[in-house]
Every structure is written in C-alpha cells, then in structure tokens.
Amino acid sequence: MTGRFGKIVSKLNDAPVNLQTDKPVNLQEVATLEGETVPSVSTKESALETIESKQVNPQTGKPASIEEPVEPVVQLEKYSTYLESDLIMQLKIFAVSSKLKDYQVVNLALRAYLEGQTKG
Amino acid sequence: MYKIAIVNEKGGVGKTTSAVSLATLLNARGSCVLVDADPNHSALDWVQAGAGMGFDAFSLEAFDQLEQFEYTFMVLDTKAGEAVKDLVVLAQSFDLLIIPSKPDPLSLRVLIQTLQPLQEAHATNFKVLLTDVPPAPSTDGHEARMALQDSGIPMFAQSIRRAAAFSKAALNGTAVNEVKGDSRAKLAHMDYDLVVREILA
C-alpha cells in the first residue's frame, strides 16, 4: 500500500482475519497458542469491555489502581483569617521543610492546640 | 483497538486541539496512543511542553518503527491538505474519522471539499465536529449546524465552544481543564468529554 499512511495502515491491518466472519481475530488468543507476546487487536466493543473492567474511582470517574489504597476523603473548606506576619513566615518555612502544605500545618497545629485545651 | 483519525483539508480548525483533548479523555477510559502525522508536530509539541499528559505520543515516522504496541484507543492527528487518496485510505482503515470545522463560511466551504471524496468513496464512518463556536449572541454555531444537518452531513450533537484556554493549555503542555484562572477551561474540557461519550455510545 502506498501513500503517507501506507505503513500505519498495513501495520493496523496485519491482524489475522477470521475467514468465516472476515473480521480480525484477537491476537492475544494466537499469542497464547504460539507462546509469543503480540499486541492485541480489538474493536470498539472490546475497547468498551476494557473500560468496564477497569476499577473506577466514583468521585473522579477515572480508573483507580488496584494496588493503591483508597485514601479517606477529607472534606476541606476554604477559610481565611489573620495571622501575625512572622508566624506566617515560620509557617511557610515549617511547611516547606516538612513537605507539607501550609493548610496542613495549620490543620495539625490547630487540632493539637484544641486537643490540649480539652485535656487541660 | 478503536482507531480515530482527525482530518480536515483546512488548517486552524482545531484538529490538534481535538486530537490532544480526545486522547486525554480516552486515556482515562483505556490506554490511548496519539500519533502525530503533521510534519509540524504540533500535537507532539503540545504533549512535550509540560510534564507529560499520561498517554503515549509518537510521530507517524516513529510509530511506523514500533514493532509491538498494545492500546485500547488510537488517535491520529493529520496535517491540513492531506491527499484525497490518503483520506479515503484512512476512512477504510480507521473506525471513525472526525472532521473538526469552525462554523464560519470559509471553513464550511473547505469542509464540503473534504467530505466530497469520502462521500464518493461511500464512506459512512465520519462525523463533523463544530469547533471554536463563539458564545451568544453569535448564532454562527447554530446556523452552521442547521445548514450541515439540512445537507444530511453526519455531525456530533456536541459542539466545542471557543475558549482561550486551549492556547494556554498547548503552551503549558496540559489538558485544557488544568488551565488555572479561566472559567471556560473546564466547560471546554466538558465539551470534549461529551464528544467522547458520543463516540463510545
């Protein structure tokens, strides 16, 4: 086949064809028989099957890795307040050195303070 | 593998934007490869401008050299003014040809030229996607849709709105929904998401 897309088209069309249905057979099945690793060829239906078989994060709608533990969802709310200037600087330095976000440091500090108040 | 080619005789109609946006969204549903057949390599420039977009991207030449590949989806971005015979070859070999077009008279005239060889080859696996549709009070998008539908040209129900965020995303090497400080960025991304749903329906 000639033209700019000759190679890519022949590459895509290289899949073995089922003579009865005239449709490409799944190369993965051939690979199993021949003990080789070859790319699988599928259609829209099998593409959709792949999508359906993936575990999906219900919040993001994106596929979730099975190995990765699902982190508990913490509801965050934007809240602004006033702090002393030098405290802001200390907060930022502590956050960077601890590899935390600024709000995480404020969360931890406030929680520790409030727990201390309750115990006291 | 489900294969999609993005084609149009005319340049600047949103081929690369559509290719990158669709590849991003399809990759969230299964592994996707983007093949850039434009000698300017605009799609590759976009993908390589940032920290990567999660899917594999190759030039046509590089993809031709690949011996093995395994993807659920392929998106092929073509150059403006592909040869007529190449368009017909793509129609015969790919599952779907998406033809992006702006809703202005000049783009629509070239669109008809692009569709002609496909219709003559009795191809049915193509759909027009209206892109860069200006917001109200402009009625350009609506008028173009009516005209194309009256001509019996297959179209996506969803159009892509005009958004400056696409250019910013291309510069940053990100998906359009990752552009900060632009309220239309997420909406533009959602437009493409609805197109993907139409493709997979």
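Predicted model: local features only at pLDDT ≥ 70, side-chain atom pairs only at ≥ 80, totals over all residues.
Chain A is built from 5 helices and 2 strands. Read from the N terminus, its elements follow the order α-β-β-α-α-α-α. Of its 120 residues, 15% count as buried. Among the contacts in chain A between residues at least 6 apart in sequence, 7% join residues at least 24 apart. The chain exposes about 10,400 Å², and carbon and sulfur atoms supply 56% of that area. V74(A), L76(A) and Y103(A) make a nonpolar surface patch of about 320 Å². Y103(A) belongs to helix 5 (residues 102–119) of chain A. Its relative accessibility is 42%, so Y103(A) counts as partly exposed, since that class lies between 20% and 50%.

In chain B, strand 5 (residues 96–101) and strand 6 run parallel and are joined by 5 bridges. Within this pairing, L97(B) stands opposite F126(B) of strand 6. Together with helix 5 (residues 105–120) of chain B, the two strands make a right-handed β-α-β unit.

D132(B) and K102(B) form it, with the closest N and O atoms 3.6 Å apart. D132(B) sits in the loop between strand 6 and helix 6 (140–150) of chain B, K102(B) in the loop between strand 5 and helix 5 of chain B, and the two are 30 residues apart. Both partners count as partly exposed: D132(B) has a relative accessibility of 23%, and K102(B) one of 24%.

A search over all chains finds 8 salt bridges in the whole structure. One of chain B joins the side chains of D193(B) and R29(B), at 2.9 Å from N to O. This pair links distant parts of the chain, 164 residues apart: D193(B) is in helix 8 (residues 183–200) of chain B, and R29(B) is in the loop between helix 1 (15–27) and strand 2 (32–36) of chain B. D193(B) is buried, with a relative accessible area of 15%, and R29(B) is buried at 17%. R29(B) and D193(B) are also linked with R197(B) in a network of salt bridges.

A further salt bridge connects K168(B) and D182(B), whose closest N and O atoms are 3.5 Å apart. K168(B) lies in helix 7 (residues 165–172) of chain B and D182(B) in the loop between helix 7 and helix 8 of chain B, so the pair ties together parts 14 residues apart in sequence. Here K168(B) is partly exposed at 37% relative accessibility, whereas D182(B) is buried, with a relative accessible area of 16%.

Methods. Residues numbered from 1 in each chain as written. Chains lettered and ligands numbered in written order. Heavy atoms only, no water. Pairing = 2+ DSSP bridges. Helix = DSSP H or I, 4+ residues; strand = E, 2+ residues; numbered from the N terminus. Right-handed = clockwise from strand over helix to strand, strands pointing away. Patch = residues over 30% accessible without salt bridge, like charges linked within 9 Å, V, L, I, M, F, W, Y side chains within 5 Å. Areas by Shrake-Rupley, 256 points an atom, 1.4 Å probe, with all protein chains shown as cover. Salt bridge = Lys/Arg side-chain N within 4 Å of Asp/Glu carboxyl O. Buried < 20%, exposed > 50% of the residue type's maximum accessible area, 1.4 Å probe, protein only. Contact = heavy atoms within 4.5 Å.
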